[in-house]
Amino acid sequence: TFIRRSITDALRLAGWDVTYHLQGVGCRKGFPDLTAMKDGTTIYIEVKTETGRQSDYQKQFQKVCEEHGCRYFLARSVKDVEELLNFNVLF
């Protein structure tokens with residue numbers, strides 16, 4: 001989608017290595033759309049449209065991520081990951 005590509009492009013321009021994940025056989029239900037890595041940091045990003053909602057599986061994955069101290073973003077636009085585009089601020 002346009003939103004996912006815009007987020008991916010912006011993160012890559014900021015130096016992140018971004019992987020897009022497709023759901024399929026053997027994939028954990030609720031795994032987010034994007035994984036991004038930079039300077040020893042890994043983040044997970046679920047991309048939604050303005051009206052899109054997380055499934056129960058996606059909410060559970062977010063909860064597990066946060067319980068383990070991982071960063072998880074629900075992004076509807078590049079603005080939702082804007083803090084990651086700053087080269088000096090990761091957390």
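Trainee: In which sense do strand β1 and β2 pair, and over how many bridges?
Mentor: Strand β1, residues 17-20, pairs with β2 in the antiparallel sense, over 4 bridges. Pairing calls for at least two bridges, and these strands have 4. As an example, Val18 has Ala36 in β2 as its bridge partner. Keep in mind that this is a predicted model.

Trainee: How do you know how far the prediction can be trusted, in terms of pLDDT?
Mentor: Mean pLDDT for the protein is 91, and 95% of its residues reach 70 or more. The scale of this confidence runs from 0 to 100. Among the elements, helix α1 (residues 2-13) has the lowest mean, 95, while β1 has the highest, 97.

Trainee: What is the order of the elements from the N terminus on?
Mentor: They run α-β-β-β-α-β, which gives 2 helices and 4 strands.

Trainee: What makes the protein agree with a compact globule?
Mentor: A compact globule with 91 residues would have a radius of gyration near 12 Å, and the protein has 13 Å, so the two agree. Along the principal axes, the C-alpha atoms fill a box of roughly 35 × 30 × 25 Å. Buried residues make up 38% of the 91 residues.

Trainee: Why is strand β2 called largely enclosed?
Mentor: Because 4 of its 5 residues, in the stretch 34-38, are buried, β2 is largely enclosed by the rest of the structure.

Trainee: Which strands does β3 pair with, and in what sense?
Mentor: β3 is joined to β2 by 5 bridges, and those two run antiparallel. Another 5 bridges join β3 to β4, and that pair runs parallel. Ile43 in β3 is the bridge partner of Ala36, and Tyr44 in β3 is the partner of Thr35. On the β4 side, Ile45 has Phe73 as its bridge partner.

Trainee: Why is Thr35 called buried?
Mentor: The cut-off for buried is under 20% relative accessible area. Thr35 has 11%, so Thr35 is buried. This residue sits in strand β2, and its side chain makes a polar contact of 2.7 Å with the side chain of His21. Leaving aside neighbours within four places in sequence, Thr35 touches residues including Asp17, Thr19 and Thr42.

Trainee: And what about Asp39: buried or exposed?
Mentor: Exposed takes a value over 50%, and Asp39 has a relative accessible area of 65%, so Asp39 is exposed. Asp39 is in the loop between β2 and β3; those strands form a hairpin with 2 residues between them.

Trainee: Which residues have the most contacts inside the largest nonpolar core?
Mentor: That core has 14 residues, and those with the most contacts inside it are Ile7, Leu11, Trp16, Ile43, Ile45, Val81 and Leu84. At least two residues of this core come from each of α1, β2, β3 and β4. The largest share, 3 residues, is supplied by β3. Leu11 is in contact with, among others, Trp16, Val18, Ala36 and Leu85, leaving aside neighbours within four places in sequence.

Trainee: Why does Gln54 count as buried?
Mentor: Gln54 is at 17% relative accessibility, and the limit for buried is under 20%. Gln54 therefore counts as buried. You will find Gln54 in the loop between β3 and α2.

Trainee: Which side chains make polar contacts with the side chain of Gln54?
Mentor: Another, of 3.0 Å, links the side chain of Gln54 with that of Tyr72. A polar contact needs N or O atoms within 3.5 Å. Not counting residues up to four places away in sequence, Gln54 also touches residues including Lys48, Lys59 and Leu74.

Conventions:
Residues are numbered from 1 along each chain as its sequence is written. This is a predicted model: local features need pLDDT of at least 70, side-chain atom pairs count only at pLDDT 80 or more; totals for chains, interfaces and linings use all residues. Side-chain values use heavy atoms; hydrogens and water are left out. Buried means under 20% relative accessible area, exposed over 50%, partly exposed in between (1.4 Å probe, protein chains only). Contact means heavy atoms within 4.5 Å. A polar contact is a pair of N or O atoms within 3.5 Å; within protein, one must be able to donate a hydrogen and the other to accept it, and residues adjacent in sequence count only if both atoms are side-chain atoms. A nonpolar core is a set of buried Ala, Val, Leu, Ile, Met, Phe, Trp, Tyr and Cys residues joined through side-chain atoms within 4.5 Å. The radius of gyration is taken over C-alpha atoms; the globule rule is 2.2 Å times the number of residues to the power 0.38.
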